[in-house]
Amino acid sequence: MANRGGAQRPNGAPQGKICQFKLVLLGESAVGKSSLVLRFVKGQFHEYQESTIGAAFLTQTVCLDDTTVKFEIWDTAGQERYHSLAPMYYRGAQAAIVVYDITNQDTFGRAKTWVKELQRQASPNIVIALAGNKADLAAKRVVEYDEAQSYAEENGLLFMETSAKTAMNVNDIFLAIAKKLPKNEANAGRGAGGQGGHGIDISKNQQQPVSSCCK
């Protein structure tokens with residue numbers, strides 16, 4: 001398992017409370033899951049990204065009005081041989097991004113399968129976002145925006161088309177998830193990997209201020 005913890009760019013100490021959430025990325029191989037995470041965490045894009053083996057772990061924070069949301073991000077491998085490991089990563093996750101490639105119809109079908117699996121087996125209150133990646137290749141599009149949007153609406157998903165290459169909507173989709181996650185102090189003390197579906201408020205016992213990257 002790779003550990004690619006993201007360097008965060010400090011903007012001073014965050015104000016208000018800090019909530020921590022586990023987020024998992026799922027999707028077929030080569031749809032750009034790792035590229036989306038790399039763009040979000042480090043602001044980088046590599047044209048040729050090596051396939052993830054097992055899963056990679058990264059962290060990044062976003063600022064809301066009175067809350068800093070810290071994402072613990074699990075970027076899972078898309079190859080079929082790693083499918084059996086997926087429940088280990090999405091179990092206890094409060095959020096998931098299911099990624100497909102807008103130029104590949106099969107990856108959209110696979111994304112629907114992942115959504116069904118999450119709805120059936122993941123935490124009941126998990127926030128699921130659908131990301132149609134590679135929007136910079138719109139000239140080669142085979143999955144229509146309206147088709148994906150309708151599917152997302154029918155299944156209660158957040159939906160955006162994204163481009164890790166141009167950074168289109170990458171920060172926005174994580175920010176939309178952060179806004180939708182419950183930040184309930186009554187659940188503070190339950191770990192981010194717990195089954196409660198809520199983040200843990202770590203601001204009260206934080207030893208060092210969490211560096212934040214307000215977007």
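Analyst: Let's start with strand β4, residues 67-76: 10 of its 10 residues are buried, so β4 is largely enclosed by the rest of the structure. Here, buried means under 20% relative accessible area, exposed means over 50%, and partly exposed lies in between, with a 1.4 Å probe and protein chains only. Strands are DSSP runs of E with at least two residues, helices are runs of H or I with at least four, and both are numbered from the N terminus. This is a predicted model, in which local features need pLDDT of at least 70 and side-chain atom pairs count only at pLDDT 80 or more, while totals for chains, interfaces and linings use all residues. Residues are numbered from 1 along each chain as its sequence is written, and side-chain values use heavy atoms, with hydrogens and water left out.

In a regular strand the side chains alternate between the two faces of the sheet. In β4 both faces are covered: T67, V69, F71, I73 and D75 are buried on one side, and T68, K70, E72, W74 and T76 are buried on the other.

Next comes the neighbour of β4. Strand β2 (residues 17-27) runs parallel to β4, joined to it by 9 bridges; two strands pair if DSSP finds at least two bridges between them. One place to look is I18, which stands opposite T68 in β4. Q20 also lies in β2, and at 12% relative accessibility Q20 counts as buried. Q20 and K183 are 163 residues apart in sequence, yet their C-alpha atoms are 9.2 Å apart in space.

β2 and β5 pair in the parallel sense over 5 bridges, and A96 in β5 is the bridge partner of V24. β5 is mostly covered, with 7 of its 7 residues buried.

Together β5, α3 and β6 make a right-handed β-α-β unit; right-handed means that, with the strands pointing away from the viewer, the path from the first strand over the helix to the second runs clockwise.

The axes of α3 (residues 105-121) and α4 (residues 145-154) come within 12 Å and cross at roughly 5°. That makes α3 roughly parallel to α4; angles under 35 degrees count as roughly parallel, over 145 as roughly antiparallel, 65 to 115 as roughly perpendicular and the rest as oblique. The axes are lines fitted to C-alpha atoms, for helices over the stretch in contact, and angles run from 0 to 180 degrees between N-to-C directions. Q105, F108, K112 and V115 of α3 make the contact with E147, A148 and Y151 of α4, where contact means heavy atoms within 4.5 Å.

To place this part in the whole, the protein chain has 5 helices and 8 strands. Of its 215 residues, 53% count as buried. Among contacts in the protein chain between residues at least 6 apart in sequence, 76% join residues at least 24 apart.
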